[in-house]
Amino acid sequence: MHILSIIFPLIFIVVLGYSCCRLKFFEQQHIAGLSKFTFYVSLPAFLLLNMSQINLQQSISLFAFLSFYIPVLSIFGVGILIDRFYLNKKHKKNYQQHGVFGLASSYSNMVLVGIPIVIASFGKEMIAIAFMIITFHSTLLFALTFLIGAKGSSKFSRSKFAKNMVLNPIVLSISCGLILNIVGITLFEDVANSLTLLASPAIACALFVLGANLAFYKVAANWQPALIASILKIVLLPALVLLVGTYVFKLDTQILNVLVLLSASPVGVNAYLIASQIKQHEATLAGAVVLSTILSVASFTFWLAILL
C-alpha cells in the first residue's frame with residue numbers, strides 16, 4: 001500500500017496527459033507549447049532554485065558518480081554489441097545505428113520520471129545527489145552517441161554539439177544554481193518567491209507532458225528491438241547499479257536507493273530526438289519510450305519493494 005501511494009499520483013498524471021491527447025482534448029501543438037513552458041521555464045526554475053539551496057557536501061560523491069556511470073557505460077556498450085551482432089547482422093559497421101541503440105539501452109528519463117519518483121519516495125532532501133547525476137547525463141551519453149556515429153559520418157559538428165549542450169536549459173539551470181551555491185549568493189526574497197511560483201507546477205507539468213507525448217509515439221512493428229532496449233534499461237541497468245553500489249563502492253543506503261531509482265527510469269524522450277536527428281533506429285526508439293514507460297510501472301514497484 002505504501003508503494004502504491006508513492007506511484008499512483010505519478011501514474012495518474014501520466015495517464016491523464018495521455019487520455020487528454022487520445023481524446024483530442026489537447027492537440028499536438030498544445031502539448032508543444034506546454035512542453036516548451038515546462039522545459040524552458042518551469043523545470044529550469046525548479047532545478048536552479050533547488051540547486052542553489054542544497055547541501056553540496058551531500059550531493060558530491062565520486063563513489064556515487066562511479067556507481068551510476070560505470071553501469072550506464074557498460075549497458076551502453078552491451079547495447080552496441082547486441083545491435084551489431086544480433087539485431088543488425090547484415091550491416092555490422094553501421095556505427096551510427098549501433099550508437100543509437102546503445103543510447104536507447106542506457107539513457108534515463110530522470111528529469112520527467114526519476115526526480116518525481118525520488119521526491120515521492122524519499123523527499124526533496126534526497127534530490128541533491130540526483131542533480132549531480134543529471135548534470136552529466138545527457139552531455140556524456142549524447143556525446144558518446146555522436147562520437148561513435150562520427151566514425152561512419154562526417155556530418156557531426158563538435159562545436160555545434162558543445163554549444164547545444166552548454167545552452168541546454170536543464171544543464172544551464174543546474175550550472176547556474178551550482179555557481180550561486182558555491183559563491184554563497186542568496187537570491188533576493190522577491191526573486192526566490194517568483195522562482196518558487198514558476199517551479200511549483202514543474203513536476204506535474206513534466207509528468208503530464210510525458211503522458212501526452214506517449215499518445216503521439218507508436219510501438220514499432222519491429223517491437224523486438226524496442227523490448228530488448230527496454231529490458232536492458234529498466235531491469236539490467238538498475239540491477240547493475242545496485243550491485244556496483246553495494247559490493248564495489250559500498251554506498252550509503254539512501255544514496256544507493258536514489259541511484260537505483262534514477263537508473264530504473266524509462267528511456268528518455270530526448271533519445272528519440274537524437275535518433276531522429278541521426279536518422280537511425282527511429283521506430284525502435286519511439287517504441288522503447290512507450291514500452292519502457294509502461295513497463296516501468298512494474299519495475300518501479302519491484303525496485304521500491306526491494307529498497308524500502
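Student: In which sense, left-handed or right-handed, does H5 pass H7?

Tutor: The model is a predicted one. In it, helix H5 covers residues 95-106, and helix H7 covers residues 128-149. The crossing in which H5 passes H7 is right-handed.

Student: How are H5 and H7 oriented to each other?

Tutor: Two packed helices are described by the angle between their axes and the distance between the axes. For H5 and H7 the axes are 7 Å apart and the angle is about 160°. Angles over 145 degrees count as roughly antiparallel. H5 and H7 are therefore roughly antiparallel.

Student: How many nonpolar, polar and charged residues does the contact of H5 with H7 have?

Tutor: On the side of H5, the residues that meet H7 are Tyr95, Gln96, Gly99, Val100, Leu103 and Ser106. On the side of H7, they are His137, Leu141, Phe142, Thr145, Ile148 and Gly149. By class, this contact has six nonpolar, six polar and no charged residues.

Student: How is H5 oriented to H14?

Tutor: Helix H14 spans residues 269-278, and its axis lies 10 Å from that of H5. The angle at which H5 and H14 pack is about 175°. Because angles over 145 degrees count as such, H5 is to H14 roughly antiparallel.

Student: Which residues in H14 does H5 meet?

Tutor: H5 contributes Gln96, Val100 and Leu103 to this contact. By class, the contact has six nonpolar, one polar and no charged residues. The residues in H14 are Ala271, Ile274, Ala275 and Ile278.

Student: Why are H7 and H9 described as oblique?

Tutor: The axes of H7 and H9, the latter at residues 169-183, come within 9 Å. H7 passes H9 in a left-handed crossing. The axes cross at roughly 140°. An angle over 145 degrees would count as roughly antiparallel and one of 65 to 115 as roughly perpendicular, so H7 and H9 are oblique.

Student: Which residues in H9 meet H7?

Tutor: H7 brings Phe131, Ile134, Thr135 and Thr139 to the contact. Its classes are five nonpolar, two polar and no charged residues. The residues in H9 are Ile170, Val171 and Ile174.

Student: What is the volume of the second largest pocket, and which residues are closest to its centre?

Tutor: The second largest pocket has a volume of about 320 Å³. It is lined by 17 residues, which divide into 15 nonpolar, two polar and no charged. The closest to its centre are Ile11, Val14, Thr293, Ser296 and Val297.

Terms used:
Residues numbered from 1 in each chain as written. Predicted model: local features only at pLDDT ≥ 70, side-chain atom pairs only at ≥ 80, totals over all residues. Heavy atoms only, no water. Axes fitted to C-alpha atoms, helices over the stretch in contact; angles between N-to-C directions. Helix = DSSP H or I, 4+ residues; strand = E, 2+ residues; numbered from the N terminus. Parallel < 35°, antiparallel > 145°, perpendicular 65-115°, else oblique. Left-handed = near helix turned anticlockwise from the far one by under 90°. Contact = heavy atoms within 4.5 Å. Nonpolar A, V, L, I, M, F, W, Y, C, P; charged D, E, K, R; others polar. 1 Å grid on protein atoms, 1.4 Å probe; cavity = no way out; pocket = protein on both sides within 12 Å on 5 of 7 lines; lining within 4 Å. Points joined across faces, edges and corners; volume = space filled by probe spheres on them.
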